[in-house]
Amino acid sequence: MEIAIPLFDRFTALDAVGPYEVLSRLPGARVRFVAAEPGPKRTETRMLTLSAEASLAEVPEPEVVVVPGGLGTRDLMSDEQVLGWIRRAHAGSQWTTSVCTGSLLLAAAGILHGLEATTHWLELETLASYGAQPVQQRVVEQGKLITAAGVSSGIDMALTLACRIAGPDVAQAIQLGIEYDPEPPFDAGSTRTAPDRIVELVRSAAARTSQ
């Protein structure tokens with residue numbers, strides 16, 4: 001099974017690496033990082049580089065697509081090379097998925113129109129502006145489309161996908177193998193539970209980053 005994860009400058013590291021760690025453990029899986037042009041792509045923090053081994057053109061029909069998010073998605077919302085690849089890949093894929101603001105690229109490609117989907121909580125309104133129906137859940141399934149909320153939820157999405165592809169025993173074995181058993185020190189991982197002052201800290205930081 002060919003699984004393609006498109007990279008681009010200023011992607012979020014865990015958006016890509018989290019699903020990779022899960023899906024690379026599926027029996028018979030081949031996970032490839034791809035990009036418009038092969039080569040190194042820097043994360044949005046500029047502190048980590050991953051290399052795309054193949055071009056989008058070299059992997060036109062993956063069975064699974066995983067689109068990560070990150071600040072770099074803003075530069076791709078009208079990039080027809082990337083959006084066209086997403087449309088064509090989705091047309092023949094078994095599963096098309098996204099993490100965080102990767103769903104904005106799916107929406108910009110026109111494949112989430114009228115469908116429930118999720119993204120990072122700061123971008124739910126943006127998702128709606130592209131015709132999707134935003135839902136504030138960690139993982140949203142709509143047929144062969146699966147979208148995940150912000151960053152860490154990509155692991156949840158990938159485990160959900162692993163279950164759909166290989167069954168619950170394999171998915172649970174992968175979960176145990178990577179020892180994914182979160183016990184965060186704070187109950188601040190959602191706007192429903194985080195203190196208002198923390199929500200505002202994140203909003204302010206995001207506003208500064210976007211300037």
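Contact, in these legends, means heavy atoms within 4.5 Å. The views below come from a predicted model.

**View 1. L106 and its neighbours in the fold.** Start with L106, which lies in helix 3 (residues 102-108). Leaving out residues up to four places away in sequence, L106 touches V67, I86, T96, T97, S98, I111, L112, L145 and T147. With a relative accessible area of 0%, L106 is buried. For a sense of scale, the C-alpha atoms of L106 and D187 are separated by 30 Å, and the two residues are 81 apart along the chain.

**View 2. S98 in strand 7.** Here we turn to S98, found in strand 7 (residues 95-99). S98 has 0% relative accessibility, so it counts as buried. Once neighbours within four places in sequence are set aside, the contacts of S98 are V67, S103, L106, I146, T147, A148 and M157. V67, L106 and T147 are among them.

**View 3. The largest nonpolar core.** In soluble globular proteins, nonpolar side chains tend to be buried together. In this model, the largest nonpolar core holds 55 residues, and L23 and I86 touch the most other members. Helix 5 (residues 153-166) gives the most to this core, contributing six residues. Look closely at I86: not counting residues up to four places away in sequence, I86 touches V67, L105, L106, A109 and I111.

**View 4. The aromatic pairs.** Searching the whole structure turns up two aromatic pairs. F8 and F11 form one of them, an edge-to-face pair with 6.4 Å from centre to centre and 80° between the planes. F8 is buried at a relative accessible area of 9%, and F11 counts as buried at 0%. In the pair of Y20 and F33, the ring centres are 5.6 Å apart and the planes are at 35°, so this pair is tilted. Y20 lies in helix 1 (residues 13-23) and F33 in strand 2 (residues 30-35), so the pair ties together parts that are 13 residues apart in sequence. Y20 is partly exposed, with a relative accessible area of 30%, whereas F33 is buried, with 14%.

**View 5. The largest pocket.** Rolling a probe the size of a water molecule over the atoms shows where empty space is left. In this structure, the largest pocket contains about 940 Å³ of space. The pocket is lined by 38 residues, of which C100, H120, W121, L122 and G150 are the closest to its centre. Helix 7 (residues 196-210) supplies the largest share of the lining, seven residues. Sorted by class, the lining has 16 nonpolar, 17 polar and five charged residues.

**View 6. Two loop residues with positive phi.** V151 is not a glycine, yet it has a positive phi of about 40°. This residue, V151, sits in the loop between strand 11 (145-148) and helix 5, and at 27% relative accessibility it counts as partly exposed. E179 is also a residue other than glycine with a positive phi, in this case near 50°. The place of E179 is the loop between helix 6 (168-177) and helix 7. At 66% relative accessibility, E179 counts as exposed.

Key
Residues are numbered from 1 along each chain as its sequence is written. This is a predicted model: local features need pLDDT of at least 70, side-chain atom pairs count only at pLDDT 80 or more; totals for chains, interfaces and linings use all residues. Side-chain values use heavy atoms; hydrogens and water are left out. Helices (H or I, at least four residues) and strands (E, at least two) are DSSP runs, numbered from the N terminus. Buried means under 20% relative accessible area, exposed over 50%, partly exposed in between (1.4 Å probe, protein chains only). Rings of Phe, Tyr and Trp (its six-membered ring) pair if their centres lie within 6.5 Å; planes under 30 degrees apart count as stacked, over 60 as edge-to-face and the rest as tilted. On a 1 Å grid over the protein atoms alone, a cavity is a set of points where a 1.4 Å probe fits but cannot get out, and a pocket is an open set with protein on both sides within 12 Å along at least five of seven lines; lining residues have an atom within 4 Å of a point. Grid points are joined across faces, edges and corners, and a volume is the space filled by probe spheres set on the points. Ala, Val, Leu, Ile, Met, Phe, Trp, Tyr, Cys and Pro count as nonpolar, Asp, Glu, Lys and Arg as charged, and the others, Gly among them, as polar. A nonpolar core is a set of buried Ala, Val, Leu, Ile, Met, Phe, Trp, Tyr and Cys residues joined through side-chain atoms within 4.5 Å.
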